[in-house]
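These are my notebook entries on a protein structure. I looked up a few local features and then turned to the sheet and the cores.

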Amino acid sequence: MDTMRDRFISTTNRLLDEDPRLALVLAEISRDGFQQAERRHPDRVINVGIREQLLIGAGGGLALTGLRPVMHTFASFLVERPFEQLKLDFGHQGVTGVLVSAGASYDWPAGGFTHMSPGDVALLDTLDGWTVHVPGHPDEAETLLRQAVAGDDLVYVRLSLQSTASPRPVTPGFDTVREGRSGVVVAVGPMLDNVLAATEGLDVTVLYATTIRPFDAAGLRRAAAAARPDVVLVEPYLAGTSTAAANDALSEVPHRVLGLGVSRRELRKYGSIDEHLAGHGLDPAGLRERVTTFLGR
């Protein structure tokens with residue numbers, strides 16, 4: 001199976017041929033995948049080198065001309081390093097575009113902490129109007145990318161090497177995977193398979209999200225109304241990123257929320273993706289222990 005990043009490259013190459021409004025801005029990362037597109041569309045495929053602030057600034061400039069810019073690099077260099085440019089060149093100028101990241105929270109542990117970005121979604125939460133897609137499978141990534149490119153809003157598509165075994169239909173809100181009465185567990189993107197393994201045999205509702213912003217408050221309220229309103233959020237980035245949104249959604253009913261994800265504690269050994277998952281308690285065994293403890297089972 002190809003990776004989400006592979007699918008981004010193949011899909012975007014096709015979209016560049018199909019849509020004259022589309023522009024792609026790179027900062028060296030993934031450039032090899034767009035060599036032919038760069039020759040075919042030299043005015044719409046731009047590599048700025050290792051200059052991530054310029055990556056976003058150039059995208060904002062292209063948006064001002066009426067193009068739909070897609071900006072791509074590792075998440076830490078796409079959201080964290082050029083955050084001021086996102087705030088000003090897009091938000092303040094009132095233009096829109098699409099961010100497509102690679103690397104996620106710890107996809108390349110050997111790259112060290114500079115190439116890890118567990119705080120990207122929380123950081124974007126400080127800005128207004130961003131849609132955030134977190135696909136769990138390459139097929140979902142392609143669908144969400146095509147939707148993002150065809151639209152006119154601010155979109156972040158967060159890609160990862162972690163993937164579910166099979167895709168699910170992409171829906172605007174939460175997709176109900178299992179139904180139960182002892183609580184609600186929300187699995188975001190690549191976390192779904194581990195959540196399903198961790199909750200096997202438990203009487204809980206499992207909701208799946210590929211779009212986490214805007215937050216599906218109505219979907220969570222419906223699920224909580226049919227079950228005990230105890231909610232566990234399992235996100236592949238900073239733990240607690242969506243707890244405020246969940247609390248707001250359930251503000252009119254007594255409830256509890258547990259936010260699970262990547263801890264603030266830095267894991268300073270390279271290891272592997274699976275070792276980082278276990279280190280943050282996001283493997284099936286770690287999730288089951290924390291979910292059952294929280295739900296009182």
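**Entry 1: backbone**

I located Pro214 in the loop between β10 (211-213) and α9 (217-225). The peptide bond between Arg213 and Pro214 is cis, with omega at about 0°.

I noted that the model is predicted, so local features need pLDDT of at least 70 and side-chain atom pairs count only at pLDDT 80 or more, whereas totals for chains, interfaces and linings use all residues. Residues are numbered from 1 along each chain as its sequence is written, and side-chain values use heavy atoms, with hydrogens and water left out.

Next I looked up phi. Most residues other than glycine have a negative phi, and most peptide bonds are trans. Glu28, in the loop between β1 (22-26) and α2 (35-40), has a positive phi near 75°. Ala104 also has a positive phi, of about 50°, and sits in the loop between β4 (98-102) and α6 (120-124).

Are these residues buried or exposed? I used relative accessible area: buried is under 20%, exposed over 50%, partly exposed in between (1.4 Å probe, protein chains only). Glu28 counts as partly exposed because its relative accessibility is 35%; Ala104, at 2%, counts as buried.

**Entry 2: the sheet**

I traced an open, mixed sheet of five strands in the order β7-β9-β8-β11-β12. Two strands pair if DSSP finds at least two bridges between them. β7 (175-178) and β12 (256-262) each have a single partner strand, so one side of each has no neighbour in the sheet.

Strand β11 (residues 230-238) runs parallel to β12, joined by six bridges. Within β12, Val262 stands opposite Leu238. Helix α12 (residues 284-295) lies across β8 (184-188), β11 and β12, at about 165° to β12. Such angles run from 0 to 180 degrees between N-to-C directions of axes fitted to C-alpha atoms, for helices over the stretch in contact (heavy atoms within 4.5 Å).

**Entry 3: the cores**

A nonpolar core is a set of buried Ala, Val, Leu, Ile, Met, Phe, Trp, Tyr and Cys residues joined through side-chain atoms within 4.5 Å. I found 43 residues in the largest one, where Leu99, Tyr156, Val186, Ile212 and Leu220 have the most contacts. Helix α3 (residues 52-64) gives the most to this core, with four residues. Apart from it lies another core of 22 residues, including Leu192 and Leu260.

Definitions and conventions: Helices (H or I, at least four residues) and strands (E, at least two) are DSSP runs, numbered from the N terminus.
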